[in-house]
Each structure stands twice: as C-alpha cells, then as structure tokens.
Amino acid sequence: MGSELIRFSVAMPEDLLASLDEYVARRGISQNRSEVIRDLVRDALADEVWEKPDELVAGTITMMYDHHTPDLTRKLDEVQHDYTHEIITTMHVHLTHESCLEVIMLKGKSKKVHEIADKLLGIKGVQQGRLTLTALGDVL
Ligand code: NI
C-alpha cells in the first residue's frame, strides 16, 4: 500500500458538491477539495475502527488548553495516570503565556483509546481536541 496519490473521478449530486465546496472554503485557503476529501475519508475509517472495540490501534490525542483554567491540569494528569498501560508518552509545549499544546501518544484496544480521548477532551477548558488513529491490524 503506497502513499502515491491516485486520481479517480467521483460522481456527486450538484447540491452535495456545492456543500462540500462551502465546507472547503470554511476550512480556509490552506486546503483544497482533494485534501478535505482525504481527511473526511480518514475520519470515516477511524470511525469504523470505533465499531470494532477490540481492534488494536495506535494514535495521538492533540489538545490545546489555557493552563490558568482552574483545576484543568490536575484533571488532565489524573486521567493520564489512570491509563499508564495505554499512554506511551506525552509531549507538552508551553506555546504562549497562557496556551499549552499537548500531544499524547497511545496504543491499545480501540474502545480503551476512545475512552481516554473522550475523558480528556471532555474536560472543561480543553480546546481543539482531536484523536487521530491508525488501525494496527496484522502489524502486531
Ligand atoms: Ni504549558
């Protein structure tokens, strides 16, 4: 399975295509239609992994937050200490005086990894949280 880009044509109702173009426009000038569709396909595949709760996955949780938010860093730490088997490492960057960027790398069963992401990203004050997953399938 290469990462070479393959062109193929897609038939789509006119109004759906118009909605797609509006969506692309909202995402900003940095992404074109193809890039947005690729992201949507990846998201859909990640969702499918969720439907297989015992599938082994590896992934990252990316989140931003203001570390001045009361109790936030303590809550984030507490969740991470509950999942020491899944969480491989955490990278923390102090972006500005207020903002922190944290990237957590993890692996384990899909349901567990989603559970961790839901807990962390659901904490009040966490902004721009995102879980990215890769199915490990037969790799392990
Ligand atoms: Ni920080």
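Is Lys-111 buried, partly exposed or exposed? Lys-111 is partly exposed, with a relative accessible area of 40%; buried means under 20% relative accessible area, exposed over 50%, and partly exposed in between (1.4 Å probe, protein chains only). The structure is a predicted model, in which local features need pLDDT of at least 70 and side-chain atom pairs count only at pLDDT 80 or more, while totals for chains, interfaces and linings use all residues. Residues are numbered from 1 along each chain as its sequence is written, and side-chain values use heavy atoms, with hydrogens and water left out.

The side chain of Lys-111 meets that of Asp-54 in a salt bridge (3.4 Å, N to O), the term denoting a side-chain nitrogen of Lys or Arg within 4 Å of a carboxyl oxygen of Asp or Glu. This pair links distant parts of the chain, with Lys-111 in helix H4 (residues 110-121) and Asp-54 in the loop between H2 and S1, 57 residues apart. Helices (H or I, at least four residues) and strands (E, at least two) are DSSP runs, numbered from the N terminus. Asp-54 is itself partly exposed, at 47%, and a network of salt bridges links Asp-54, Lys-109 and Lys-111.

The whole structure holds 5 salt bridges. One of them joins Arg-33 to Asp-21, with the closest N and O atoms 2.8 Å apart. Here Arg-33 belongs to helix H2 (residues 33-50) and Asp-21 to helix H1, 12 residues apart. Both are partly exposed, Arg-33 at 38% and Asp-21 at 29%. Just after H1, Gly-28 takes a positive phi of about 100°.

The strands may be considered next. Strand S1 (residues 56-66) pairs with strand S3 (residues 99-109) in the antiparallel sense over 11 bridges; two strands pair if DSSP finds at least two bridges between them. Within this pairing, Thr-60 has Met-105 in S3 as its bridge partner. S1 also runs antiparallel to strand S4 (residues 126-135), to which 8 bridges join it, and the partner of Tyr-65 in S4 is Val-126.

The structure also contains a metal site. His-92 (NE2), His-94 (ND1) and Cys-100 (SG) coordinate the nickel ion at 2.0 to 2.4 Å. Donors are N, O and S atoms within 2.8 Å of the metal (3.2 Å for Na, K and Ca), and water is not among the atoms, so sites may look incomplete. Along the chain, the donors follow the spacing H-x1-H-x5-C. Cys-100 is buried, with a relative accessible area of 2%, whereas His-92 counts as partly exposed at 31%.
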